[in-house]
Amino acid sequence: MEKNVALIALFAALIAALGLIPKITLAFGVPITAQSMGVMLCGAVLGSRKGALSVLLFLLLVAIGLPLLSGGRGGLGLFVSPSAGFLIGWPAAAFVTGWIVEHWRLAPLTLVACVASVIGGIVVLYLFGIIGLLITLDKTLSEVIWLVAAFVPGDLLKAIIAGMLTAALAKARPGSVLSRANRTDAV
Amino acid sequence: MISLTSPVRTKAHDWPAGLKLAGLCASTLVLFYIRDPAMHFGLLLLVLGLYALPGRRFMDAGLRQLRILWPFALVVAVWHLWSGEIATGATVILRLVSAVALANLVTMTTRLSDMIDVLHGLSRPLRRFGLRPRVLELAIALVIRLTPVLLQKGTLLSEAWQARSRRRSGWRIILPFTVLALDDAEHVAEALRARGGFNTQECH
């Protein structure tokens with residue numbers, strides 16, 4: 001119990017830190033925020049339930065007014081802004097990513113975590129994001145899809161990195177990668 | 001840790017946080033039902049008037065928070081100028097700015113401790129589903145305390161990289177960073193267990 005709560009809190013803090021450290025930029029020097037990669041990592045490492053709880057905890061802190069989103073953003077306004085759908089979709093993205101890593105055990109972890117991050121962190125997340133944009137911007141579905149397509153390459157890159165990081169973490173700290181821990185000793 | 005609460009004390013700081021949040025929900029719903037751009041323009045002026053009431057410093061801080069909206073406003077504006085539906089475009093942009101401005105207003109005038117009290121109240125009915133308010137509050141406190149710690153460790157890591165290499169660290173630094181966080185979690189869990197963990201009596 002204590003370890004689960006500590007991991008959930010630490011990963012929420014990790015998502016915050018990934019968005020706030022200015023020097024972390026991804027490949028090609030593009031300043032894409034690593035924060036959404038933190039969400040994929042959260043699901044892939046902590047598993048479905050704990051990963052989603054951790055992201056939920058992070059969003060709760062953003063909602064009550066802490067400037068934890070990349071660029072020091074925070075507050076309730078973000079949850080009615082056009083990108084609100086993406087924020088609200090984060091816990092679901094982490095859940096789906098975690099669920100796939102937990103259940104698909106026959107392939108190498110790198111591959112599984114990559115595919116899980118693509119499905120959770122892109123397919124599921126964009127579904128929420130697109131609904132949010134549809135509500136706030138009053139556009140048609142095809143217009144909105146055209147709008148978000150620009151972000152897909154960056155997010156694919158993040159999903160691949162998240163997959164590789166998950167496999168590396170499983171080697172470095174096997175006991176802490178809860179998505180692959182044995183069910184018997186899971187609390 | 002800095003919060004987004006306004007440094008300028010306003011009368012609204014003393015209003016009950018739950019009431020402000022309920023009011024915000026209601027007014028956001030109303031905003032999404034109004035379709036008339038002239039009415040939206042009036043409402044936006046009203047919201048900006050609320051920002052102006054506590055004085056110059058408050059207004060500057062508030063308007064700074066709204067700057068994140070300009071890319072969306074630009075896309076919508078260009079889109080509707082091109083398609084010719086200018087009234088719809090104006091409605092969308094005005095509604096967007098009002099909704100976000102109102103929500104930020106609540107954030108600016110509500111202290112973190114008051115928000116946490118609201119959470120405490122909201123989490124009480126969830127106890128039936130196994131959520132313990134004390135665990136939730138402890139988790140919130142942990143994140144608030146540990147974010148600056150991780151931030152500092154991450155900055156040190158990237159400085160250490162830069163001392164050794166002329167190339168950017170890029171994403172590679174995230175692995176040791178996450179390992180550090182996992183180890184911290186281990187230590188925090190041990191410390192919590194050593195102090196009796198979550199099984200001690202709840203006191204109110």
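**Figure 1. Chain B is built from eight helices and zero strands.** In this predicted model, the pattern along the sequence of chain B reads α-α-α-α-α-α-α-α. The radius of gyration of chain B is 23 Å, whereas the globule rule gives 17 Å for 204 residues, so chain B is more spread out than a compact globule. Along the principal axes, its C-alpha trace spans about 60 × 55 × 35 Å. Of the 204 residues, 29% count as buried. Among the contacts in chain B with a separation of 6 or more, 72% join residues 24 or more positions apart.

**Figure 2. Helix α3 of chain B has a buried side and an exposed face.** The helix covers residues 56–66. Its buried residues are B:F58, B:G62 and B:Q65. They sit on the same side of α3(B), because they cover an arc of only 55 degrees around the axis. The cover over these buried residues includes α2 (37–52) and α5 (86–108) of chain B. The face turned away from the buried side carries B:R56, B:R57, B:D60 and B:R64, which are exposed.

**Figure 3. Three spans of chain B are listed in UniProt as "transmembrane region".** The record is an unreviewed entry, and it gives residues 38–54, 66–82 and 88–106. Two of the spans are described here. Residues 66–82 of chain B are 82% helix and 0% strand. The end C-alpha atoms of residues 66–82 are 25 Å apart. Residues 88–106 of chain B are 100% helix and 0% strand. For residues 88–106, the end C-alpha atoms lie 27 Å apart.

**Figure 4. Chain B meets chain A through 57 of its residues.** On the chain A side, 50 residues are in contact with them. Six helices of chain B each supply at least two residues to the side that touches chain A: α1 (17–33), α4 (70–83), α5, α6 (112–123), α7 (133–164) and α8 (174–194). Helix α7(B) gives the most, with 13 residues. By residue class, this side of chain B divides into 39 nonpolar, 15 polar and three charged residues.

**Figure 5. B:E190 lies in helix α8 of chain B.**

**Figure 6. Chain A has seven helices and zero strands.** From the N terminus on, the elements of chain A run α-α-α-α-α-α-α. How does the radius of gyration of chain A fit a compact globule, and what value does it have? The value is 16 Å, which agrees with the figure near 16 Å for a compact globule of 187 residues. The C-alpha atoms of chain A fill a box of roughly 50 × 35 × 30 Å along the principal axes. Of the 187 residues, 59% count as buried. Residues 24 or more positions apart make up 72% of the chain A contacts with a separation of 6 or more.

**Figure 7. In chain A, pLDDT stays under 50 over residues 26–31.** For this stretch, the model has 13 contacts beyond four places in sequence. Chain A as a whole has a mean pLDDT of 86. Of its residues, 90% reach 70 or more.

Key: Residues numbered from 1 in each chain as written. Chains lettered and ligands numbered in written order. Predicted model: local features only at pLDDT ≥ 70, side-chain atom pairs only at ≥ 80, totals over all residues. Buried ≥ 20, exposed ≤ 12 C-beta atoms within 10 Å, placed from the backbone. Helix = DSSP H or I, 4+ residues; strand = E, 2+ residues; numbered from the N terminus. Arc of directions from axis to C-beta. Contact = placed C-beta atoms within 7 Å. UniProt positions renumbered as here; feature names shortened; annotations may be inferred. Nonpolar A, V, L, I, M, F, W, Y, C, P; charged D, E, K, R; others polar. Rg over C-alpha atoms; globule rule 2.2 N^0.38 Å. pLDDT = per-residue confidence, 0-100.
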